[in-house]
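Have the viewer open and follow along.

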Amino acid sequence: MPSPALSTRAETTSRRRLPQWATSFGPQIVTGLVVGVVLGLVARAMPVAADGNENWLVGTVHTIGSSYVKLLTVAVIPLVFTAIVSSIANLREVANAARLAVQTLLWFAITAFIAVIIGIVVGSITQPGARTGVSAATEKAPGTTGSWWAFITGLVPSNFLGLNAKTTVAEGAASTSLSFNVLQLLVVAAAIGIAALKVGAKAEPFLQFNASLLAIVQKVLWWIIRLAPIGTAALIANAVATYGWDAIGSLGWFTAAVYVGLAIVFLVVYPVLIRAHGLSVRAFYSGVWPATQLGFVSRSSIGTLPLTERVTERNLGVPREYASFAVPLGSTTKMDGCAAIYPAIAAIFVAEFYGVPLSFTDYLLIIVVSVIGSAATAGTTGATVMLTLTLSTLGLPLAGVGLLLAVEPIVDMGRTAVNVTGQALVPTIVAKREGILDEARYNAERTGDPFQDDDTVAAA
């Protein structure tokens, strides 16, 4: 009978013989992207069905992609609630917790300020609204609008979970759909977490139960995230098949301007901040890359939250007690892509399209809205609420939102990737500034599996 050591060595050798794409999350996502583009081109080239509906391949990838997004979001309510409560409880174990919280919010604001300035500069130089191929006839009124008053009153929970019910009647049949307000859920969770700390010993059973529930929810999400390569292929295929190059062509300058702004933040601003704090740029991006990729595909900061928190702790060396506070908070309020770059360029686009000149005061208002109102995006897919909040503050036509709907999924992928990267960047910077960053782990070679359980990592 072979010894345990020999068996372990044989198993390790067997695993090493597998190709990298079969064992590494990153290459699997890239493979999914490539397969998705190919499937999308094939689906777009196929004729429509005999009844005039979409062909079977388009219907298949749409169903698979939308089902994957639903799986990612189905656990949002228990995830956000348990994560926020646990993060507040964990702050007891961190020295200078109040200082860390203030530093985190400050750096959220600093990076958002830099991002919106870049968005304004890129939008002013490219002038996307003056070079668009769309016309006012293509406008659609936004289904959701934002305002400062709605944002403030929206913080007050309407019920324990911030659930909203909407009933519609079509062809004599009524259907009811449920939605939730992540900001209201955040307020409820924060209040309960703070109250639990104030109660003291009597709240320990509740906090232990909450921690156990969080671990269970995260385990379920790990299983869902494991399906990301399949979801990636379907989502990309559906985007290519549905929009192709027509939508990008009509709004080409706008799409390019958004991605230029995102690229400057991702490839210039973030590296400069990392180097300014004496850290390796290569180590940061190799550590955060799995979360960045998933954010690009899922278009949801909250859906990516478990992976973002895991890589922030395991790859970037941020203490768990602090990361469990900063990353969930960032997933709902830290949106450099959706709440800074995008609304700045989009507002300039709408103003140019309707021939409305923007004054220096208007640009200042864009900055204020982006820095203060970013929480209005609430970590969900899309940034319509943030854009309408910006447009209503500037007095620009809200109907201009409809002009950009054609490329919304395309630009949202890049926006969310930048959002997720920034949500890992700020805790890393703050941990470094406060002297609590594990730099040995930060600079270590990326050989670990982010999906491994904690006890497996500890035993390794």
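## A glycine and its neighbours

Glycine 422 touches Tyr270 and Lys334, leaving out residues up to four places away in sequence; contact here means heavy atoms within 4.5 Å. This is a predicted model, in which local features need pLDDT of at least 70 and side-chain atom pairs count only at pLDDT 80 or more, while totals for chains, interfaces and linings use all residues. Residues are numbered from 1 along each chain as its sequence is written, and side-chain values use heavy atoms, with hydrogens and water left out.

Back to that glycine. Glycine 422 sits in helix α19, residues 408-433. (Helices are DSSP runs of H or I with at least four residues, strands are E runs of at least two, and both are numbered from the N terminus.) At 0% relative accessibility, glycine 422 counts as buried; buried means under 20% relative accessible area, exposed over 50%, and partly exposed in between, using a 1.4 Å probe and protein chains only. Lysine 334 is 88 residues away along the chain, yet the C-alpha atoms of glycine 422 and lysine 334 are separated by 7.2 Å.

## The chain overall

The protein chain has 21 helices and two strands. Of its 460 residues, 49% count as buried. Looking at contacts with a separation of 6 or more, 83% are between residues 24 or more positions apart.

The unreviewed UniProt entry annotates "transmembrane region" at residues 21-47, 67-88, 100-125, 178-199, 220-245, 251-273, 339-357 and 363-389. Those positions are in the numbering used here, feature names are shortened, and such annotations may be inferred rather than shown by experiment. Take two of these spans: residues 100-125 are 100% helix and 0% strand, with end C-alpha atoms 38 Å apart. Residues 339-357 come out at 79% helix and 0% strand, and their end C-alpha atoms lie 22 Å apart.

## The cores

Which residues have the most contacts inside the largest nonpolar core? They are Phe254, Phe284, Tyr322, Tyr342, Leu404 and Tyr442, in a core of 65 residues. A nonpolar core is a set of buried Ala, Val, Leu, Ile, Met, Phe, Trp, Tyr and Cys residues joined through side-chain atoms within 4.5 Å. The elements giving two or more residues to this core are α6 (97-126), α12 (252-276), α13 (281-298), α15 (320-333), α16 (337-353), α17 (360-372), α18 (384-394) and α19. α16 gives the most, with eleven residues.

Another core, of 21 residues, lies apart from the largest one and includes Ile29, Val217, Ile224 and Ile225.

## How the helices pack

Two packed helices are described by the angle between their axes and the distance between the axes. Axes are lines fitted to C-alpha atoms, for helices over the stretch in contact, and angles run from 0 to 180 degrees between N-to-C directions.

| Helix pair | Angle | Axis distance |
|---|---|---|
| α6 and α12 | about 140° | 9 Å |
| α6 and α16 | roughly 30° | within 7 Å |
| α12 and α13 | roughly 145° | within 11 Å |

The angle between α6 and α12 makes α6 oblique to α12, whereas α6 and α16 are roughly parallel to each other. Angles under 35 degrees count as roughly parallel, over 145 as roughly antiparallel, 65 to 115 as roughly perpendicular and the rest as oblique.

α6 passes α12 in a right-handed crossing, with Trp107, Thr111 and Ile114 among the α6 contact residues and Trp253, Ala257 and Val260 among those of α12. The crossing of α6 and α16 is right-handed; residues meeting there include Ala112, Ala115 and Gly119 in α6, and Ala340, Ile341 and Ala344 in α16. α12 and α13 also cross right-handed. A crossing is left-handed if the near helix is turned anticlockwise from the far one by less than a right angle, and right-handed if clockwise.

## Two more stops

Glutamine 127 is in the loop between α6 and α7 (148-153). It has a positive phi of about 50° although it is not a glycine. Glutamine 127 is partly exposed, with a relative accessible area of 37%.

Serine 86, in helix α5 (residues 76-90), counts as buried at 8% relative accessibility. Neighbours within four places aside, serine 86 is in contact with Asn210, Ala211 and Leu214.
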